[in-house]
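The report below considers a predicted model, taking up its sheet, its confidence and its interface in turn.

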Amino acid sequence: MKTQDVTEKPILEVNNLETGFTIDNKFYNAVDKVSFSVKPNKIVGIVGESGCGKSVMSLSIMNLLPKGIGEIANGTILFDGNEINKLNNNEMNKIRGKDMSMIFQEPMTALNPVFTVGYQIMETLINHSDISKKDAKLKSIDLLKSVGIPRPEKIVDEYPHQLSGGMRQRVMIAIAIACKPKLLIADEPTTALDVTVQAQILELMKTIQQENNMSIILITHDLGVVAEMCDEVIVMYAGKIVEKTDVDTLFHNPKHPYTKALIQSVPKLDVIQETLGTISGIVPSLKNMPEQGCRFVDRCSMAKSECRTKTPTLKPTVDLGQADDSKEHLVSCLLYDEA
Amino acid sequence: MKTETSSQIDINMKNKTSHSPWAIARRKFMKNKVAMISFVILMIIITLALLAPIIATSDITKINVLEASQPPSADHWLGTDKGGRDVFTLVLHGGRTSLMVGFMCTVFIMLIGTTLGLLAGFYGGWLDTFIMRIVDFVLILPFYVFVIALNGILVKNSVVGGVWLLIIVISALSWGGATRMVRSKVLAEKENEYIMAAKSIGNSSFKIMFKHLLPNVISIVIVQATLLFAGMIVAEAGLTFLGFGVPQSEPSWGNMLSSARQSDILQNKVWMWIPPAVLISVTILCINFIGEGLKDAFNPKSSK
């Protein structure tokens, strides 16, 4: 089948991406030399605490960084073989919404309050294809139906303030998938929703992904969501990738102390726990980022003295008891350097 | 059968109550009694002024010394002025001028203010700084002094004369406040995620500015325009009263008021200045009540 041989070529390749902000005339990296790729038809999860650079990275990929404040300093972003970080705004507008689209965190504010939901879906369709208004409206009703909205022919004429948070997030998904993009970036799509709605939305995203052969970059800080949804996981800390592997390996054999700590801080149903694991401290702010050494050192329970002086790099490690070499497991930690 | 009727009802319901922000604001405004009464009175005043050439047909350019300074009578409902012109006719024709000056100034000021405010707020950076420094400059000019001076300079060299010159001069000196206000609203509004969402589906900056941002700041523009309209009518009356506004040859409320500068008219011939004074006051009160009503109507937090 044709899709089979395309599978090998990644849809998105990020190489050495450095994105940062200029504060008081000094440049600070919020995303520091990050490289990863997304294969077609796969869901890649990016996890990490608040302030780890997850959102900045997704905005860099979409080229939506606030102008004059944030900028890509280095690195390349290849989307479908094209270097998109060099494109200007007009060229980027042809890709945004069509081949690559985004779901935002806050469904309450991500829809324009003065337009009907139908209008907002139609806008994407009209921007990217020669479609009449009437057809666009019919198509947006279909889209609303496909994201599981009841009475779509009514809802299409309603305003965002008439819908609940879960419904609005479904509308956001309908807008994002209107043109059948190759890549969907979901920036904490379920954080603002309650747990039952969260499960429905994730289910919906997975179904849509399989139906349309999309790739998804799922940004979240919920490991449960990652386990449920993702094929590959990238763990980020303070703007760097600290661990990157497939989802099974990550949960069964986490290597980086940060990943281990994250997994320990998730409550488990089958174990009686008096207290839940925590990671004390916070992510260092951009201005206080250590110049050298590991950025996690102050919060790491396994830190050695050399962790403060020697900067770890992302290297492949061998998983004990795992015969399958095809699974890549990259860790950026000095503990595994000698091994 | 039953389902059919219920869907029928649903459709009727939908037609009755639209939930667009505009429809909600309109319904709120209609429920506001003070604002609605003001609106009706203002509409009557505007209609009378617009229909002045049809209702009041006596020639306002003709001076008739024989009928000068007559008190109200059956022939002249509101009396006549020093030149023997019918005050009722004058006050209607004067309303045309005064309302037109107020309205056109408001239109020009809001057009300039909204466009520049949107540009400054949306793009930020050097464009913002540039526009806002010009605004600062315009705002520190003392309004009356500069209107008088500019009017005096331009009246000899300009192609447009009289009323239109006054409109242009007033507008050129008053757009600062509107620009600042629109900019501040844009700054707050553009932080909302829907602006980024609009970008993420491939809209150009121009389209985002005028299609997504403008409808969200237009309510404040409308309210501000209403209040500005009242202010501009006062500005016209004030300038004309001082003798620097509408030329004497054109009747306006301000021109009629200026006759009251003579103490004889002020004390003994009140019919000459009371009608324009009352009309100015009523018009401005009405406009202000409407403005307050609109402010409430557009405010999602008010239940009035």
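## Sheet, confidence and interface

In this predicted model, strand E1 (residues 12–23) of chain A is paired with strand E4 (residues 70–79) of chain A in the antiparallel sense, over eight bridges. Within that pairing, Gly20(A) has Glu71(A) of E4(A) as its bridge partner. The two strands belong to an open sheet of four strands of chain A, in the order E2-E1-E4-E5, with antiparallel pairing. Strand E2 (26–38) and strand E5 (82–83) of chain A are the edge strands, each of them pairing on one side only.

Confidence in chain A averages a pLDDT of 86, and 95% of the residues score at least 70. The elements of chain A with the lowest and the highest mean pLDDT are set out here.

| Element of chain A | Residues | Mean pLDDT |
|---|---|---|
| helix H1 (lowest) | 2–6 | 44 |
| strand E3 (highest) | 43–47 | 93 |

Over residues 1–6 of chain A the pLDDT is below 50, and this stretch has two contacts in the model beyond near neighbours in sequence.

Turning to the interface, 26 residues of chain A are in contact with 20 residues of chain B. On the side of chain A that touches chain B, the elements giving two or more residues are helix H3 (89–95), strand E6 (100–103) and helix H4 (117–128) of chain A, and H4(A) gives the most, with four residues. By class, this side of chain A has ten nonpolar, ten polar and six charged residues.

Technical notes:
Residues numbered from 1 in each chain as written. Chains lettered and ligands numbered in written order. Predicted model: local features only at pLDDT ≥ 70, side-chain atom pairs only at ≥ 80, totals over all residues. Contact = placed C-beta atoms within 7 Å. Nonpolar A, V, L, I, M, F, W, Y, C, P; charged D, E, K, R; others polar. pLDDT = per-residue confidence, 0-100. Pairing = 2+ DSSP bridges.
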